[in-house]
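Biologist: I would like a close look at a single part of this model. Please put its surroundings in context as well.

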Amino acid sequence: MKIGEIKAQAIMLMYPDVSISFDEEDEKDVERAIYELKLNPNFEGVLRFCIGSINRALSYVEGQGFAETKCVDISSADCQRTNDGRAVLPMPNDVFSIERVLCHAGGKAYELCFEVRGNEIISDYKSDTYTVIYKVKAERITSATPDSYKLNVSDSIAEAIPYFVAAELFKQENSQASQGYFDYFEDSIKRIGEMKAPCHQCFETIYSME
């Protein structure tokens, strides 16, 4: 879901009489629709405030532990070693927090002890393949971010963000509607955050013990 779509959806939540039409698949059309909204003095300020509100929504998702869970397999060939022989795993670029580190042996996956040092994950166990399970950190936007830019979060999370934006920007004007929007946003991301990580063979072993 593109930034422009999130802004447009938030405005339509706040002002139901406003009709915004554009082709979601066409980047130029998304930018055109938002540009036309900016020409309306009623929406220029709202669109400007949307930027900070979207970032706060992403921070809320991460801070409440509702960020998406991903996994990545790391070959031992891509790992380094400490002086005492411990494995040094590279950190995925989009990590908010590391949840688990697994090793694979005998067709099963086992949870390992680990520690995080800067941009590295340190583990005692030597394995051919490690699986790192982690919460995803979303990239923040600025006023220079084009409206055609797509957030690096799932569509499920992106589709909930307009409700957070509307809740913040509508708080003074209509507190009841604002609370309703926030409740919808929070319920949506809770459901997303409670989902298991993407399908992976090791999860059958780990999650079956829950």
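Biologist: What is the relative accessible area of glutamate 111?

Modeller: This is a predicted model, in which local features need pLDDT of at least 70 and side-chain atom pairs pLDDT 80 or more, while totals for chains, interfaces and linings use all residues. Residues are numbered from 1 along each chain as its sequence is written, and side-chain values use heavy atoms, without hydrogens or water.

The relative accessible area of glutamate 111 is 47%, so this residue is partly exposed (buried is under 20%, exposed over 50%, partly exposed in between; 1.4 Å probe, protein chains only). Glutamate 111 belongs to strand 5, residues 108–112 (strands are DSSP runs of E, at least two residues, and helices of H or I, at least four, numbered from the N terminus). Proline 41 is 70 residues from glutamate 111 along the chain, and their C-alpha atoms are 56 Å apart.

Lysine 2, by contrast, counts as buried, at 12% relative accessibility. Lysine 2 sits in the segment before helix 1. Leaving out residues up to four places away in sequence, lysine 2 touches Glu24, Glu25, Glu27, Val30, Asp147, Ser148, Tyr149 and Lys150 (contact means heavy atoms within 4.5 Å).

Helix 1 covers residues 3–14 and packs against helix 2, residues 27–38, at an angle of about 45°, with the axes 9 Å apart (axes are fitted to C-alpha atoms over the stretch in contact; angles run from 0 to 180 degrees between N-to-C directions). Helix 1 contributes Gly4, Glu5, Lys7, Ala8 and Ile11 to the contact, and helix 2 contributes Val30, Ile34 and Leu37.
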